[in-house]
Amino acid sequence: MKPFTFLVFLVFLSCSCVIAQEKIIGGVVRDRNTNETIPFASIRIKGSNIGRSTDENGSFSMKAVVGAILTFSSVGYIPAEIVIENSTRKSISVYLKEDIINLQAVTVKPKLDTGKEILKKILKNKDLNAAE
């Protein structure tokens, strides 16, 4: 009976070691064209709610399980994904490509000229507004 118990213990121990292969990944997120850091870029583990942002220097550090996919994104950039493997270095540089979208000009005009409308109301109610 003892060899069986020992075997079960070894199986559970080996499973827990495989599951707990976390790595601390850190690095910098940069613009691909200018090589400048991207502050406050979002980093998420794909398929989960775990994520964080880079600091004002574009640096980050987070725990990730081996096999996880990290998604890097920022406004104005195309998101990038990196798979965490055993061979992945602890410090990485991620380069995001600029997402160029041409927007047409938009002109915003008021519905009515409010100054004219107020003046019309004043003249219309001139008799009611007269001081007595």
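**Sheet, core and salt bridges**

Analyst: Four strands form an open sheet in the order β3-β2-β5-β7, with antiparallel pairing. Two strands pair if DSSP finds at least two bridges between them. Helices (H or I, at least four residues) and strands (E, at least two) are DSSP runs, numbered from the N terminus. This is a predicted model, where local features need pLDDT of at least 70 and side-chain atom pairs count only at pLDDT 80 or more, while totals for chains, interfaces and linings use all residues. Residues are numbered from 1 along each chain as its sequence is written, and side-chain values use heavy atoms, with hydrogens and water left out.

User: Which strands are at the edges of that sheet?

Analyst: β3 (51-53) and β7 (80-83) are the edge strands, each pairing on one side only.

User: How many degrees are neighbouring strands turned against each other?

Analyst: On average 20°, direction ignored. Axes are lines fitted to C-alpha atoms, for helices over the stretch in contact, and angles run from 0 to 180 degrees between N-to-C directions.

User: How many bridges join β5 to β7?

Analyst: Four, and the two strands run antiparallel. Threonine 71 stands opposite glutamate 81 of β7.

User: What does the side chain of glutamate 81 meet in a salt bridge?

Analyst: Lysine 46, at 3.1 Å from N to O. A salt bridge here is a side-chain nitrogen of Lys or Arg within 4 Å of a carboxyl oxygen of Asp or Glu. Glutamate 81 lies in strand β7 and lysine 46 in the loop between β2 and β3, so the pair ties together parts that are 35 residues apart in sequence.

User: How many salt bridges does a search of the whole structure find?

Analyst: Two. Glutamate 117 forms one with lysine 120, with the closest N and O atoms 4.0 Å apart. Both residues lie in helix α2 (residues 114-124), three residues apart, about one turn of the helix. Glutamate 117 is partly exposed at 29%, whereas lysine 120 is exposed at 54%.

User: Now the core. Which residues touch the most other members?

Analyst: Val29, Phe60, Leu70, Phe72, Val94 and Leu96, in the largest nonpolar core, which has 18 residues. Such a core is a set of buried Ala, Val, Leu, Ile, Met, Phe, Trp, Tyr and Cys residues joined through side-chain atoms within 4.5 Å. At least two core residues come from each of β1 (22-31), β2 (42-45), β4 (59-65), β5 (69-73) and β8 (91-98).

User: What is leucine 96 in contact with?

Analyst: Leaving aside neighbours within four places in sequence, the contacts of leucine 96 include Val29, Ile38, Phe72, Tyr77, Ile78 and Pro79. Contact means heavy atoms within 4.5 Å.

User: And where is serine 93?

Analyst: In strand β8. Serine 93 is partly exposed, at 41% relative accessible area. Its C-alpha atom is separated by 7.2 Å from that of arginine 30, 63 residues apart along the chain.

User: What about the protein chain overall?

Analyst: The chain has three helices and eight strands. From the N terminus on, the elements run α-β-β-β-β-β-β-β-β-α-α. Buried residues make up 21% of the 132 residues.

Note on methods. Buried < 20%, exposed > 50% of the residue type's maximum accessible area, 1.4 Å probe, protein only.
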